[in-house]
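Please read this briefing alongside the sequence and the 3D view. It starts with the overall build and then turns to single sites.

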Amino acid sequence: MAVIVQKYGGSSVATPKHLKNVAQRVAQRKREGHDVVVVVSARGETTDELIELAQELLPEPTAAGSEYDALLATGEKEAAALMAMALIAEGLSAISMNGAQAGILTDSIHSKARISGFDARSIQKELARGKVVIVAGFQGADSNGRITTLGRGGSDITAAALAAGLGAARCEIFKDVLGFYTADPRQVPEAAKLHELTYDEAMELASVGAAITHPRAIEIARRYKIPIAILHTFSEAEGTWIKESLLMENVHAIRGVVADKNIVKISILGVPDKPGVAANFFVPLGKARIKTDMIVQNISHEGRSDISFVVAQSDAREALRAVQQAAAPLGSVEIQFDPEIAKVSIVGGGIASHAEVAGEMFECFSKEKINIEMISTSEIKISCAVRKQQADQAVRALHNHFGLQNQKLEASRA
Amino acid sequence: MPKQLLVLQFGLGWVGSTLVEQILQNQEFFHQRFGLRIHFVALMRRQGGIYRAEGFSEAEMRRALEAKRQNKPITLEPKSTPMMTGRELLGFVSPEKFSGPIALVDATGAEELGRVAVAALRKNIHVVTANKRPFAASYEDYQELIQAQDEGNARLMHETTVGGGLPILRALRGLVYTGDEIEEIQGCLSGTNGFICSGLEQGRLLSEIVQEAQEKGYTEADPRQDLAGWDAARKALILARTIGVKLELNQIEMKGFVPSEKTPYSAEKFRSQIRALDKMLAEQITQAKQNGAVPRFVARVNSEGCSVGLQYVERESPIGRLTGPENIVVFKTKRYQKNPLVIQGPGAGPEVTAAGVLRDLLSVAGIYTDS
Ligand SMILES: NC(=O)c1ccc[n+]([C@@H]2O[C@H](COP(=O)([O-])OP(=O)(O)OC[C@H]3O[C@@H](n4cnc5c(N)ncnc54)[C@H](OP(=O)(O)O)[C@@H]3O)[C@@H](O)[C@H]2O)c1
């Protein structure tokens, strides 16, 4: 019997009514003859409420390390137990587990832990007894048994890891949207839904800000070749499949346009231009698991240079603190930060083989009088940093220019 | 022991930067005269800002002003903590740790600062503001703000939200608190529209005056906002709410030069819209002159409601004698019947507005306690 892992986000399990709905979905899979493992996130605003509560006591509660994680993990545990009750009410036999009970082992970097191992036995034992297993997402335990959390989007990572470890037929991620689109439909009403994406494309879309699923979840699925289906919680419509491409060549140069407005640009001005100074800043940032992007260094004057990069808004304070510390011994270095910035990216497997794309993107911006402040590229994406208030305009212009609303959507070969 | 006042400064634009200058320039005077030291502990702009419990030095403050002047982002000063939002900043400031009052100064034009103000008041942080938006927001939000003050020990001072540096709100409160009955408040509260009315009175064409006002930078980016009277309406709303009238902005009767429109602004369309008014207005004004009346942009507030717009008033009256962008407020009350209470003077401008904010600040610092 094939195992299916399903993941439901916070808005899908917010109220008893929602939970009942979800329980019916799960029951349906079970009746189809599958073994079902369900991963849940904390209900609705629970996590934010817990954070606010903690902030009343400590302005930066993350500093409390494992206590902060222990607190946040309760949100998912609550949802898991309620989910189990909803399933029992549906007439199924069900058991809930927290991350550690489910066998998820992580390193000890609190609130940003990575999964280092998964012992599938306790879940398998319960599945063999015919039970639906509900796992509290977003969490695990380190080798000392302390509770850890995986960061925002962590429940998707849990789901992908369980799917990989259990050799699942697929990982179904249920959301309040139908899947990946050529652009955020709130920004571009004519955006088209994407039926299928390669792991690489989905990962890139997710990492440049398409808030559908976490890139780390896709990475795990890619490594273990687990297909991911993004589905709508309360709709039967087909969502987006993420899996290996069966096509010989990429037919679509570009699959989507994404704007990420939750970023902050950090500039370090007047850095002595000596070998190794960049490492001075980026090694501590890496150690703190802060992802940096769009790094630009320009030699300015008198043997000094300016370094700029962007980080996620949620990492900005920590990043600035790390930079501040690294800059202290360097003397007259000035640090600036600017959240009025957004990253606009185009993503598509065919970008590398379509040389004209970059030029077209820049031309499109210049027609719209949008100034590009930074650029970064990979095989399958090009990102430009622009002023935040121009981001929506940029997305619409690119979507239109590349004709994404007309993108021929190949039928799913699932 | 010298007294201390700690300031969380939001906004370094016209008013904000002038206020910072006024404080820096008068530090010694405040110290000698009142034994008061004012320390800036946070500087916030649209893009976030910085916080340091020990305060920022004069040199650092000047660097922040300079960065703003050059339209550059804020600099993360050594040992300061970066803040992305005002709410976040308030999480860091605990009044218990400071000896002396803390005041949040709002010199922005952002409505969302209302929520920050509420959070500050609940933490016993005083709020001194030049920003009318939160006071002209929905009645519910306004009410929450006032309640946050009433329920706590911190004070909410917003003298400069009506008439810049003129002591209009404190005069009004003085009347209300002593049991006088307000019959009607009339006033010219918009400098731009005052400028236009004076021009019209001299026989110039509306289109010509508006163009001059635009060239001199007196108008907003979308001048229809000024001509419709929104700025005056917000101030009238604050006056109305101060005397206890429950009113929403959209309940104010708007009789401006142009209707309030939501369509995107186009300079060309606007010009023809205004030109179409030239003839009719010129005729009205000639006619009015024969009857001894002059055009004024008047806000009227009473317990029934509120209206804002173009009116023809007797030339020989306090409002009729007003010239140019000056503001005036005329309080007709039970006690001030025949001879209403009149306050008149410059209703905007960074120097006088910042000074008004500063006066409110000294008041929350306990230097003097009128109003
Ligand atoms: N000018 C006058 O004569 C006068 C008279 C009476 C009352 N007022 C009122 O005083 C206020 C300020 O006027 P102004 O002429 O000084 O305006 P301004 O020159 O436009 O300056 C506004 C300042 O507020 C900052 N700001 C905007 N939104 C913010 C937010 N959400 N959080 C933090 N900071 C924010 C801006 O930041 P950035 O630097 O990042 O852009 C800027 O520094 C307005 O409410 C105005 O109605 C002005």
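Chain B holds twelve helices and 13 strands, where helices (H or I, at least four residues) and strands (E, at least two) are DSSP runs numbered from the N terminus. The model is predicted, so local features need pLDDT of at least 70 and side-chain atom pairs count only at pLDDT 80 or more, while totals for chains, interfaces and linings use all residues. Residues are numbered from 1 along each chain as its sequence is written, chains are lettered from A and ligands numbered from 1 in the order in which they are written, and side-chain values use heavy atoms, with hydrogens and water left out.

**Chains as a whole**

- Along the principal axes, the C-alpha atoms of chain B fill a box of roughly 65 × 50 × 40 Å.
- In chain B, 55% of the 371 residues are buried; buried means under 20% relative accessible area, exposed over 50%, and partly exposed in between (1.4 Å probe, protein chains only).
- Chain A has eleven helices and 20 strands.
- Chain A is as compact as a globular protein of its length, because its radius of gyration of 22 Å is close to the 22 Å that the globule rule gives for 414 residues.
- The C-alpha trace of chain A spans about 75 × 50 × 35 Å along its principal axes, and 54% of its 414 residues count as buried.

**The ligand and its surroundings**

- The ligand is surrounded by 24 residues, and the closest are B:Leu12, B:Val15, B:Arg45, B:Thr108 and B:Gly349; a residue is near a molecule if one of its heavy atoms lies within 4 Å of it.
- By type, the shell around the ligand divides into ten nonpolar, nine polar and five charged residues. Here Ala, Val, Leu, Ile, Met, Phe, Trp, Tyr, Cys and Pro count as nonpolar, Asp, Glu, Lys and Arg as charged, and the others, Gly among them, as polar.
- Helix 1 (14-34), strand 2 (36-45) and helix 12 (350-364) of chain B each supply at least two residues of this shell.
- An oxygen atom of the ligand lies 2.8 Å from a polar side-chain atom of B:Arg45, and an oxygen atom of the ligand lies 2.6 Å from a backbone N or O atom of B:Thr108.
- A nitrogen atom of the ligand lies 3.2 Å from a polar side-chain atom of B:Glu112.
- The protein buries 80% of the 910 Å² that the ligand exposes when taken alone; accessible areas come from the Shrake-Rupley method with a 1.4 Å probe, and for residues only the protein chains shown count as cover.

**Helix 12 of chain B**

- This helix has 15 residues and reaches 21 Å from its first C-alpha to its last, close to the 21 Å expected at 1.5 Å a residue; the expected span is 1.5 Å times one less than the number of residues.
- Among the buried residues of helix 12 are B:Thr353, B:Ala354, B:Gly356 and B:Val357.
- B:Gly366 follows helix 12 and has a positive phi, near 85°.

**Single residues in chain B**

- B:Gln311 is found in strand 11 (residues 305-314) and is buried, with a relative accessible area of 12%.
- The side chains of B:Gln311 and B:Arg300 are joined by a polar contact of 2.9 Å; a polar contact is a pair of N or O atoms within 3.5 Å, and within protein one must be able to donate a hydrogen and the other to accept it, while residues adjacent in sequence count only if both atoms are side-chain atoms.
- B:Ser80 lies in the loop between helix 2 and strand 4 and counts as buried at 2% relative accessibility.
- The side chain of B:Ser80 reaches the backbone oxygen of B:Glu77 at 2.5 Å.

- Most residues other than glycine have a negative phi.
- B:Asn71 is not a glycine, yet its phi is positive, about 60°; B:Asn71 is exposed, with a relative accessible area of 65%.
- A:Ser111 also has a positive phi, near 60°, and counts as partly exposed at 21% relative accessibility.

Terms used. The radius of gyration is taken over C-alpha atoms; the globule rule is 2.2 Å times the number of residues to the power 0.38.
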